[in-house]
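Subject: Structure handover

Hello,

Here is the structure I promised to pass on. Please open it first; my notes follow below.

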Amino acid sequence: MSTLIKDSLESKLAVHATCGELASAVADVIIQRLGGATLADEVSDAERLLSASELAQRLSVSSTTVHKMTKAGKLPVRKVGDSPRYLWSEVLAATGSGGK
């Protein structure tokens with residue numbers, strides 16, 4: 001961690017007592033150091049990991065269908081902990097779909 005960020009965090013920590021305030025303070029420092037950009041701004045929509053329900057919405061199918069397609073090997077899947085996650089760009093490539 002850079003000294004500048006560490007110093008900023010330490011000064012924020014000294015002022016804020018509750019967890020909610022602490023989380024907000026940390027987020028403020030990180031966003032400030034990123035020049036106002038958030039992590040979500042840095043990740044394109046095609047590269048964001050989607051849950052099964054988010055993918056189902058994009059494909060206009062049920063979550064059950066997504067799970068069946070995954071089990072049949074028709075959808076590329078990644079695991080985050082025990083949860084399946086899908087990269088939209090990989091799903092488009094695997095399904096030959098142009099997307100919505």
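Start with Val91: at 0% relative accessibility, this residue counts as buried. Bear in mind throughout that the model is predicted. Val91 belongs to helix α6. What does Val91 touch, once neighbours within four places in sequence are set aside? The contacts are Leu55, Leu59, Leu75, Pro76 and Tyr86. Val77 is worth a look too: it sits 14 residues from Val91 in sequence, and the C-alpha atoms are 8.6 Å apart in space.

Helix α6 covers residues 88-95. It lies across β1, β2 and β3, and runs at about 75 degrees to β3.

That brings us to the sheet. It is open and has three strands, in the order β1-β3-β2, with antiparallel pairing. β1 (49-50) and β2 (78-80) are the edge strands; each has a single partner strand, so one side of each lacks a neighbour in the sheet. Strand β3 spans residues 83-87, and three bridges join it to β2. These two strands run antiparallel. Across that pairing, Arg78 stands opposite Arg85 in β3.

Another arginine deserves a click. The charged end of Arg58 sits over the ring of Trp88, 5.0 Å from the ring centre. Aromatic pairs are another matter: with a cut-off of 6.5 Å between ring centres, the count comes to zero.

Next, a backbone point. Most residues other than glycine have a negative phi. Ser60 is in the loop between α4 (52-59) and α5 (63-71). Is Ser60 buried or exposed? Ser60 is exposed, with a relative accessible area of 55%.

Finally, the chain as a whole:

- Secondary structure comes to six helices and three strands.
- Along the sequence, the pattern reads α-α-α-β-α-α-β-β-α.
- The chain has 100 residues, and 19% of them count as buried.
- Among contacts with a separation of 6 or more, 42% join residues 24 or more positions apart.

If you have time for two views, take Val91 with its contacts, including Leu55 and Tyr86, and then Arg58 over the Trp88 ring.

Best wishes

Key: Residues numbered from 1 in each chain as written. Predicted model: local features only at pLDDT ≥ 70, side-chain atom pairs only at ≥ 80, totals over all residues. Heavy atoms only, no water. Pairing = 2+ DSSP bridges. Helix = DSSP H or I, 4+ residues; strand = E, 2+ residues; numbered from the N terminus. Contact = heavy atoms within 4.5 Å. Axes fitted to C-alpha atoms, helices over the stretch in contact; angles between N-to-C directions. Phe/Tyr/Trp six-rings, centres within 6.5 Å; stacked < 30°, edge-to-face > 60°. Lys NZ or Arg CZ within 6 Å of the ring centre and 35° of its normal. Buried < 20%, exposed > 50% of the residue type's maximum accessible area, 1.4 Å probe, protein only.
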